[in-house]
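Please examine the structure shown below. The paragraphs that follow lead through it step by step.

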Amino acid sequence: MFKLKSKTQDALLFYILRVISLVVIGLLLGIIYVLIDAAWPAIKSNGLSFLLRKDWNPVEDQYGALPFIFGTVITSLIALVIATPVSILIALFITEYLPKSFSRIVSLLVEMVAAIPSIVFGLWGIFYLAPFVKSTIAPFLKLHLGFLPVFQGPSFGIGILTAALILSIMIVPTISSICRSIFELVPAHQKEASYALGSTKYEMIKLAVIAPSIPGISSAVVLGLGRALGETMAVTMLIGNSPVISSSFFSPAATMASVMANEYADANTPLHVSSLCYLALLLFLITFLSNLFAKTIVKSFSKG
Amino acid sequence: MSDYKNAKVILEAKKLEAWFGDFHAVKGITVEYREKTINAIIGPSGCGKSTYLRCLNRIHEEIEGTRTAGEVLLEGKNIYDKRVDVVDVRKRIGMVFQKPNPFPSMSILDNVVIGLRLQGISKRSTLLETAESCLRKAALWEEVKDKLNSMGTSLSGGQQQRLCIARALAVNPPVLLMDEPTSALDPIATAKIEELMNEIKKEYTVIIVTHNMQQAARISDFTSFFVYGNMIEHGLSSDIFTNPKEKQTEDYISGRFG
Amino acid sequence: MNYRSYRKFKNYLFLILTLASALAVLIPLFTIIQFVLVQGASSLSLNFFTELPKPVGEAGGGMKHAILGTIYIVLLGAAMAIPVGVTCGIYLSEFSKSKLSKTLKLTVDLMSGIPSIVIGIFAYLIVVVPLKSFSAFAGGIALSIIMLPIIVKTSEEILKLVPNHIREAGLALGLPRWKVILFIILKGSVSNLLTGIILAISRAAGETAPLLFTAFGNMYINYHINEPMASLPVQIYTYAISPFKDWQRQAWGGAFVLMVLILTMNLFARFILTKIKDKKGI
């Protein structure tokens, strides 16, 4: 009987595993290639000016991406500004303040937020959060911070602020779970050393927990940003979907993801389809780069 | 005891060396092991005993960055020869590890017969026979015969280790390596294993690394004393423990060193 | 003395802030759950599971087609993602030192960060365009790309929990490494791997964006892989943005079913995974 040496048999498995791994790596490259290919007509006709033009008018076959880039960036940034401190504080609450049995439950609950489908967030946003923003949050902000241009103008409920609020809830689990795992790595002796200097708990946390974790926290924030940039459904349902650039947080807008969700299935001119693919490519690149950036922070952090 | 001296040599190391990266862990060991004897290897921790043992069935090379040189002869054939399939070496030189390590999510029965089964033996009666005889040799049969289908990991630590011994015996290797098999066990479980080793000796050659000198003195026919990758002394256990030739050995067994 | 009480004050203030942050997330969580439960339960009836949608204006009707469609598309995606994902998990855990393995790890990390809408567009371009039709198959492809990184990562983690001495014990029996990997390590971890798969399925089942222009949706039952197929999330979306009160109620019913389905799977998988990790941690 023909019998392979065991090393040869092992090599066979190894090569099968390698081939499948290469297929997966190829899949990622394939995604990039297919997007570039589909976006090519738009890239050729508009080039980089696509990024700076403000007009998005499928009827006239005019496509400029600036309103969507603006909408994506502004909603994600507001979401980050809200979610970052909240996430860090929750992570500290779980790791430093709660007893172990409780911390389990709370962290499970926070992670449950990540499990809720974004369509449900959107639904809740339409029927609960948007009316709440219109009736309570917007008047409150106008009353107290109305001198800022961003808090001026009428609020219809849906708009930048509402989309950003829902985004901030959605990205908290991403940021806080990473922060939590970083804070858990802080060795007990460092905390004790800080206590031994007479620190209060707050001072200990500042000194021994947060300070050494800054790179990890920043990578968590960048990963949260990546999540926010690409979030589609909830934002689509809450942002109002009009390609305008407005200085008011109450006004409707549109994001790169939301315009794709809204128009892709109905796009009928080749340039329209291609321009949407151009947006998809851009969104892919932005999230890709931010995730890559987050990885490198973690890497240099763990090396140093 | 002296008739062991005339028994056939079954395993032989010749100028065996081993490295972890740049660290020279085993430095030129030459020694003979005779059939159906128990051979103990003692020495201070970190002296390369385990690494040496792991070279005898070529499991050392499974760790990345390791290297070996020299020869190990099993019944006169060098197991490090390029034409030899490492799998065949390990079928003939079994091993029991420091920590009891029954395979997870596998029944007691499956644990014992998995070696045979994965070699292509699927006849149920053969497997059951082997399982029973090996579990008997490992002094575990009476305790598990009614629950062969419960998980291997559900047993106590001592029972798990005996299960691992049965698992190793099932492949029927003439030589059995044991790497501190009782260091994770309590004294009663340890005594059980020492007892069964005397039975095993009737059919198998055992080479056991132990950190416990009393154990070596109790059970072994021959003892080697290792320090920093060198074998200081090898001989009949009765000689080593009563009348060592080397000063270092004497210091170690009398507790002045190590 | 004054400085000391200031420090104490800051200390308490910080505690209150952390507590407030926890509430800031838990309150929305609970209102969402409460909203979905109350609104959803009141719009649910047996008909919801057994009937098809009725035309606008007629009361009643259900989402049988969407529930079946979601199961169909998710299982289709899982069938493609599981073999590839587990294989990659094996490669990452058993050959973690190789260069390709590191590249694969990075690839998988980056893949998990791709916005799901982009994956939807990709699936549209490679399946819908050449086949000239929206189809359940395209939806399955999109969901499989979403599940893949999750399955790879959990498989890797789970297989890495198997201690090295178990592998050595297998090798020491004279088994070639591939048999040790497949018949001892992998087989011994099957039930644990399943939890990772459930986690991936629970994620994919809630995805809407990748299905919008792949599986698309319809209003009747379809079992053909090459035709458009309804799914719960897309159906909820269609109903939610419609102006009809009756449809909006249906959307809540759908959200209720989807949430119960997903949270049960998710919590179950997480519960098991923490248990596994705890056990190995000792």
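In this predicted model, strand β1 of chain B, residues 9-20, is joined to strand β2 of chain B, residues 23-34, by eight bridges, and the pairing is antiparallel. Strands of a sheet are held in such pairs through backbone hydrogen bonds, which may be arranged in a parallel or an antiparallel way. One of the bridges can be located by its residues: Leu11(B) has Tyr33(B) in β2(B) as its partner. The two strands β1(B) and β2(B) make a hairpin, with two residues between them. In the turn, Gly21(B) has a positive phi of about 60 degrees.

Strand β1(B) has a further pairing, with strand β4 of chain B, residues 66-74. This pairing is also antiparallel and comprises eight bridges. Here Glu12(B) has Leu73(B) in β4(B) as its bridge partner. Leu73(B) also stands opposite Asn78(B), a residue of β5(B). The strands β4(B) and β5(B) run antiparallel and are joined by two bridges.

Chain A may be considered next. Chain A contains 11 helices and two strands. Along the sequence, its elements follow the pattern α-β-β-α-α-α-α-α-α-α-α-α-α. The C-alpha trace of chain A spans about 75 × 65 × 35 Å along its principal axes. Of the 304 residues in chain A, 49% count as buried. Among contacts in chain A with a separation of 6 or more, 76% are between residues 24 or more positions apart.

The largest nonpolar core has 267 residues. Those with the most contacts inside this core are Val120(A), Met260(A), Cys277(A), Leu279(A), Ala280(A) and Met147(C). Which residues does Leu279(A) contact, leaving aside its neighbours within four places in sequence? Leu279(A) is then in contact with Ala65(A), Phe68(A), Met256(A), Val259(A) and Met260(A).

Note on methods:
Residues are numbered from 1 along each chain as its sequence is written. Chains are lettered from A and ligands numbered from 1 in the order in which they are written. This is a predicted model: local features need pLDDT of at least 70, side-chain atom pairs count only at pLDDT 80 or more; totals for chains, interfaces and linings use all residues. Two strands pair if DSSP finds at least two bridges between them. Helices (H or I, at least four residues) and strands (E, at least two) are DSSP runs, numbered from the N terminus. A nonpolar core is a set of buried Ala, Val, Leu, Ile, Met, Phe, Trp, Tyr and Cys residues joined through C-beta atoms within 7 Å. A residue is buried if 20 or more other C-beta atoms lie within 10 Å of its own, exposed if 12 or fewer, and partly exposed in between; C-beta atoms are placed from the backbone. Two residues are in contact if their C-beta atoms, placed from the backbone, lie within 7 Å.
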